[in-house]
Structures are given as structure tokens and as C-alpha cells.
Amino acid sequence: MKQKRLKCSFCFEDESVCARIVAGPGVFICDKCIQKFYDELQYEGLNSNFSEFQNKFPTPRDIFEFLDSYVIGQEHAKKVLSVATYNHYKRVYLSKNLESIVNKSNILLIGPTGSGKSYLVKTLAKCLQVPISLNDATSLTEAGYVGDDVESVLSNLFIASNYNLEEAERGICFIDEIDKIARKQDSSSVTRDVSGEGVQQALLKIVEDTKANILPRPGRKHPQQDYIQMRTRDILFIVAGVFEGIDKIIDERAGRKSIGFNSSLSENNLYEVNTEDLIKFGMIPEFLGRFPIICQLSPLSESDLVRILEEPKDALLKQYKIIFESEGVELIWEKEALVEIAKKAILNNTGARGLRGIVEEIFRDIFFECNFDVIQKVILTKNAVLSGCPEIIFKRKVAYSK
């Protein structure tokens, strides 16, 4: 008796044209229909997760506006960070169903001292409500040498998440001074570059997708210690550096030369930087390949620094105003005074980072010597900045000398 051929109960294909037919109770399904149904389920799951993502996560415009309320200037950097982080966390949500949809968006920030690189990233983490670890590349060394090994950046993130592994695995690792681990050029030394190229090599694995062994608490590693495994696939890595001297590399590549005493190289050509320039600076190609997004920051202008002093939500002078108000004293400032403070910061080449030190020095003697019970107002004028002695209005006549 001839055996009856099996047919798929859904597409009715004969088993002779199917790679495989799976039999169930009174039903048969071919390999093609299995794949089709699997794809449809994946697509439904993808749409469900994307809807959840849209409901929970801020849009690039929302992220930009949040950054804009805290960070003055750097419009280009704010836009780049907003889009890159949105796409990164979209990938995190969608990868629950599809393993790889959007490539990981690790970011390299390039900008002068005091341009706001660290502050931008800290504000970004505040906006996204994710833990962040702040690290300095100069403290990192290869495993086996004295110093922090590269896994310490993950341990710091675990600590910042309040020891919540799930939260840590979707956080942000920020590594500053990354330009300081450029490999040594034209070096005749045969010793290993344990804080340069070696650290770049050591970072390659963790910035992509690996399961790293980290310490559950701060301390030194030893063989008998228990470790926690942290997966780095969904961690956003942002590195930053000044890259002093790269402007000359860019000008040299572009064919711009300085001839004579009155000629100069371009003052702000960082927006022209490419991978070739960074490799020549000393970053290895494999490391740069894991940071596809390069974001440039401009030096802050005098007007930017003036705005930073009084406009953002956590502006420096707003902070001091609250401190004085807690003592029952009103703080008043004049625009000319802010311009003078900005000029000092530019002269010191410290950017926004130097503003606090300047303002702190101006108010130091008042906090140290004065009795706030007899003070009504403190006025910050241009002369006060130049002399370091703010004008004080007392509730009654009381002599005050610096």
C-alpha cells in the first residue's frame, strides 16, 4: 500500500518540496511557514517594544531642550548627543527581540579645557535618569601593572547604580582625558607603554560587548575573590579629550602652512577632524572603530561665559544667591561684573571650569570675616571683581575692611 504524502496544513505544500514538515496532533507545518510565523511574532514584539520605548524615553528634541536648560552654547554637541543617545537606547529596547538593529553609538568628544565636555555628559545622564561613572583615563593601566585596570570603570558604574546590576548594564561610562593614552610617537623606548596604547587595547573588549568580571565592592583584585559578571552590550561609553596639537595635524593634512611671523594656523578647525588625524595623533584604529560618533566642542566665548554665570537652572550666581539668602542677605550683580569675570576665565584659559574659582575668591573674605546679621546686601560690581572686594550695604553703619 502506497504511503500518503504529508502536506503543510497552512500552505498545503507537499513534503517533496519542503525541507522539513513537523507533525502535531492532526496538523502539519512546513519549515517555510514556521519561519514566516516566527518573523511575524518578532515584528509584533518589535512594534510592542518600540511603543513602550516611545512612551518611556524622551525624544531627541526633548533631550536637546533638557540639555539646553543647563548648558550654554555647544548647540552642535547637544544635537549630536541627543540623537546618538536616543538611537543607542532605542537599540537597547529593540534588541530584546532582534539581536542587532542599530550599531552601538559610543561617542568621542573633542574640545578645549572648560568647554563643557564632562558637564554635558553628567547633564545627559540626569536627563535620561541612568547611572553614570566618571573616570580619568590617566589613572588606567594594563592588567598586572600598578594602577586601576580598565574594569574599574565598570565597577564605578556598578557603585553609581547603588549596586543594581540591571541598572548598571544600561548606564553611561564616561572616560575623560582619553587623549592622554595616545601611544607614544617616535619613542625609542623598548619598555611597554602601560598607560598609553596598552590601555587602548585593554579597553577594546569592554566598550563593545563582553561579560566582564567586576568587584562587588571597591578594592584590589585577588585570585580568591568573588566577582560579579557585568555585560557591556547596552552600556553607552563616552570618552573625551582636549587632543592638544591635533589642530596642527589637521592643518598639515589640509595643506595649510604657517609662513612668516604674521601667519597662523586655523584657530578652530576641530570640526574638520577625521579618523586619519586621530590615528596620527596616537589613537589606534581598533579603538576609534568602536567610537563611530565623533563630536566636536568649540571654545566658549566671552558672551557664553557671561550667560553661564546667570542663565542655566543651576547657574553659579544663582547658587550663591541661595547661599546668601539663607543668611538673610540679598546678592545683586551687575552685567559689567560678569563680563570682567568672563575675561579673567579666558585669560586663565580655564573656560567655564575656572568661573567657580574666580567667584569663590571674590566672596571668600565676606564669608570668613563678616557677620551676616548686620549685612543687608552684597553687590557684585566691575570694581569688585577687579579689587576682589564686593560692595556691602549694612543694616546699620558698621566698618568693614578687607
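Author: Five strands form an open sheet with parallel pairing, in the order β4-β5-β8-β3-β9. Strands here, like helices, are DSSP runs numbered from the N terminus (E over at least two residues for strands, H or I over at least four for helices), and two strands pair if DSSP finds at least two bridges between them. The edges are taken by β4 and β9 (293–296), each of which has a single partner strand, so one side of each is left without a neighbour in the sheet. Direction ignored, neighbouring strands are turned by 20 degrees against each other on average; axes are lines fitted to C-alpha atoms, for helices over the stretch in contact, and angles run from 0 to 180 degrees between N-to-C directions. Within the sheet, β3 (residues 107–110) and β8 (residues 236–241) run parallel and are joined by four bridges. The bridge partner of Ile107 in β8 is Ile238.

Two helices may be described next. Helix α4 packs on the sheet and touches β3, β4, β5 and β8, its direction making about 175 degrees with that of β5. Helix α5 (residues 152–160) also packs on the sheet, where it touches β4, β5 and β8, and its direction makes about 145 degrees with that of β4. Contact means heavy atoms within 4.5 Å.

The model is a predicted one: local features need pLDDT of at least 70, and side-chain atom pairs count only at pLDDT 80 or more, while totals for chains, interfaces and linings use all residues. Residues are numbered from 1 along each chain as its sequence is written, and side-chain values use heavy atoms, with hydrogens and water left out.

Asn135 is found in strand β4 (residues 132–136). At 8% relative accessibility, Asn135 counts as buried, a term that means under 20% relative accessible area, with exposed over 50% and partly exposed in between (1.4 Å probe, protein chains only). Asn135 and Ile175 are 40 residues apart in sequence, but 4.7 Å apart in space, C-alpha to C-alpha. Not counting residues up to four places away in sequence, Asn135 touches Ser152, Val153, Asn156, Phe174, Ile175 and Asp176.

Asp176 lies in strand β5 (residues 172–176). Asp176 is buried yet has no salt bridge, and the nearest side chain of opposite charge, Arg353, is 4.7 Å away. A salt bridge requires a side-chain nitrogen of Lys or Arg within 4 Å of a carboxyl oxygen of Asp or Glu; Lys and Arg count as positive and Asp and Glu as negative, whereas His and the chain ends are not counted. Leaving aside neighbours within four places in sequence, the contacts of Asp176 include Lys117, Ser118, Asn135, Asp136 and Ala137, and also Ala240 and Gly241.

The buried residues of α2 are Ile63, Phe64, Leu67 and Tyr70. Seen down the axis of α2, these buried residues fall within an arc of 125 degrees, so they line one face of the helix; the arc is that of the directions from the helix axis to the C-beta atoms. The buried residues of α2 pack against α3 (75–94) and α4 (117–128).
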